[in-house]
Amino acid sequence: MNPPDPRWYKDAVLYEIPVKSFYDSNGDGIGDLPGLVQKLDYLKDLGVDCLWLLPFYQSPLKDDGYDISDYYRIHPDLGTLEDFDRLIEEAHRRELRVIADLVLNHVSDQHPWFQEARADPASPRRPWFVWSDTDRKYAGTRIIFLDSERSNWTWDPVAKQYFWHRFYSHQPDLNYDHPPVREAMKEVIRFWLRRGLDGFRCDAVPYLFEAEGTSSENLPATHAYLKELRRMVDSEFPNRVLLAEANQWPSDVKAYFGEEDEFHMAFNFPLMPRIFIALAKESALPIRELVAQTLPIPASCAWGVFLRNHDELTLEMVTDEERDFMYHEYAKHPKMRLNLGIRRRLAPLVDDDRRVMELLHGLLLSLPGVPILYYGDELGMGDNIYLGDRAGVRTPMQWSPDRNAGFSRADPEQLYAPVIINPNFHFESRNVESLRRMPPSFLNWLIRQLRVRRRYSKVFGRGTIEFIDTPHPKVLIYRRSFEGTELLCLFNLARAPSAVELDLSGFRGYTPVEMVSEAPFPPIGELPYFLTLAERGFYWFRLDPPAASRPDDGPR
Ligand code: GLC
Ligand code: CA
């Protein structure tokens with residue numbers, strides 16, 4: 001790999017992959033690690049830097065692997081430890097990094113730890129979980145999986161006590177008040193980092209500790225333990241990254257960066273729904289407000305910016321009014337809703353509107369932070385709201401117009417989930433092979449856009465952001481600056497063309513150059529700068545200084 005820059009993640013683009021959904025190498029209908037290895041060249045070509053793998057550990061798969069029954073084993077459907085080692089080696093050979101999900105908060109009820117704990121009150125495992133004789137403790141704690149769980153407590157007939165769980169009742173929470181649990185998870189981390197993993201996406205981190213009279217979220221004890229993990233990782237495994245899944249309000253998520261001593265990265269959960277609100281309302285304000293609220297953050301830290309992921313589009317951290325608006329705009333059919341969210345993929349969410357898909361990616365790739373793509377969204381893949389839970393956004397990746405979308409040689413009925421055959425999103429046209437052959441396809445557009453972003457990854461990843469005021473409420477404009485490079489990004493959220501007059505007096509004599517085509521626009525003069533944007537259109541410009549003042553070795 002290249003000389004290790006400990007802040008490598010700040011310039012990266014991430015790509016999220018459920019291994020079972022990506023490519024099936026042995027024809028059993030389930031994607032696997034050797035299959036993923038075969039597709040690394042595709043990911044390299046796409047232009048991403050780091051893969052985030054969903055849980056691949058031993059599991060009864062009642063929550064797609066987020067219910068782990070052995071942290072030290074790979075689920076046999078997905079491969080072996082040797083396959084994992086090979087994946088790391090092959091990825092690193094291509095200068096791709098790999099991080100994996102780390103599920104700290106809970107295990108599967110099939111995990112031997114829980115089986116031992118429930119079987120015997122005197123077992124040393126008993127205190128590894130949170131037990132109670134009543135189901136009324138910690139009453140201030142919300143329920144997350146509202147559609148399936150009525151309480152965070154479930155009666156265990158074997159233990160003859162209630163056990164605590166923030167997610168499904170088959171996912172007992174580990175008891176972080178118990179020191180051996182804290183040590184056990186450190187060992188899990190060591191095991192995988194020693195095998196060459198580049199870091200973790202840490203699942204559900206706000207919920208590790210609970211306390212009476214609180215919401216049992218974001219507690220000081222939780223932050224203290226996470227800082228302990230960071231110290232351990234920094235001292236034993238340099239240049240790795242920890243990414244927090246903390247679905248919280250802005251100030252609460254920001255706390256997970258600590259003083260550069262907790263997480264390197266955190267998903268920008270509050271920003272994500274505001275992007276969709278801004279789009280539906282044709283208003284720049286929701287994005288401006290949220291970006292302002294989520295900055296500044298410590299210099300070595302980064303937001304993970306995303307549009308969609310493997311879960312429902314969560315609406316936990318918006319007001320009731322905003323949630324109603326989102327449901328009305330994006331989830332007309334009741335089957336599109338799940339818990340407090342919308343279980344749809346990106347392209348169907350925006351009615352497959354190509355302009356909107358480009359606009360959203362123009363934002364995703366230029367807002368402060370690390371863009372995170374969800375597998376298949378680069379194809380404008382469809383979803384299937386008639387599959388249960390979140391399975392509809394986890395269907396097989398579409399590689400070609402062949403049987404099973406080229407995902408597997410199995411009989412179609414053997415696939416872990418059916419491929420997408422809705423006529424508007426049919427895999428026969430929406431697949432890697434067909435889209436790569438069609439120069440103006442969305443996939444090819446995104447590959448070009450990612451290449452441009454790569455040339456300016458330092459500006460987008462590390463630069464400052466400054467919003468530029470315009471009387472036009474539907475146009476979002478910001479400047480990104482880093483070490484003398486100036487970029488100007490404009491987004492027309494309106495469904496109609498917009499004309500804007502910009503005060504760029506600080507840049508008199510500069511030439512805006514459109515960054516994809518390298519086409520120069522008229523230089524900035526005395527008067528306000530006048531630009532028109534197509535409906536839902538966007539531009540990325542580089543502001544080139546007048547020839548005389550141009551630095552010799554700019555990042556061009
Ligand atoms: C996280 C995961 C989700 C999972 C839950 C419980 O929110 O993203 O998929 O169901 O944790 O582990
Ligand atoms: Ca397989």
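How far is an oxygen atom of ligand 1 from an N or O atom in the side chain of Arg390? The separation is 2.9 Å. In this predicted model, local features need pLDDT of at least 70, side-chain atom pairs count only at pLDDT 80 or more, and totals for chains, interfaces and linings use all residues. Side-chain values use heavy atoms, without hydrogens and water.

An N or O atom in the His106 side chain lies 2.7 Å from an oxygen atom of ligand 1. For a polar side-chain atom of Asp203, the distance to a ligand oxygen is 2.9 Å. On its own, ligand 1 has 310 Å² of accessible area (Shrake-Rupley method, 1.4 Å probe). The protein covers 96% of that area.

The largest nonpolar core holds 170 residues. Such a core is a set of buried Ala, Val, Leu, Ile, Met, Phe, Trp, Tyr and Cys residues joined through side-chain atoms within 4.5 Å; buried means under 20% relative accessible area (1.4 Å probe, protein chains only). Tyr15, Tyr42 and Leu43 touch the most other members. Apart from this core lies another, of 15 residues, including Ile477 and Leu490.

Key: Residues numbered from 1 in each chain as written. Chains lettered and ligands numbered in written order. Buried < 20%, exposed > 50% of the residue type's maximum accessible area, 1.4 Å probe, protein only. Polar contact = N/O pair within 3.5 Å; in protein donor to acceptor, adjacent residues only side chain to side chain.
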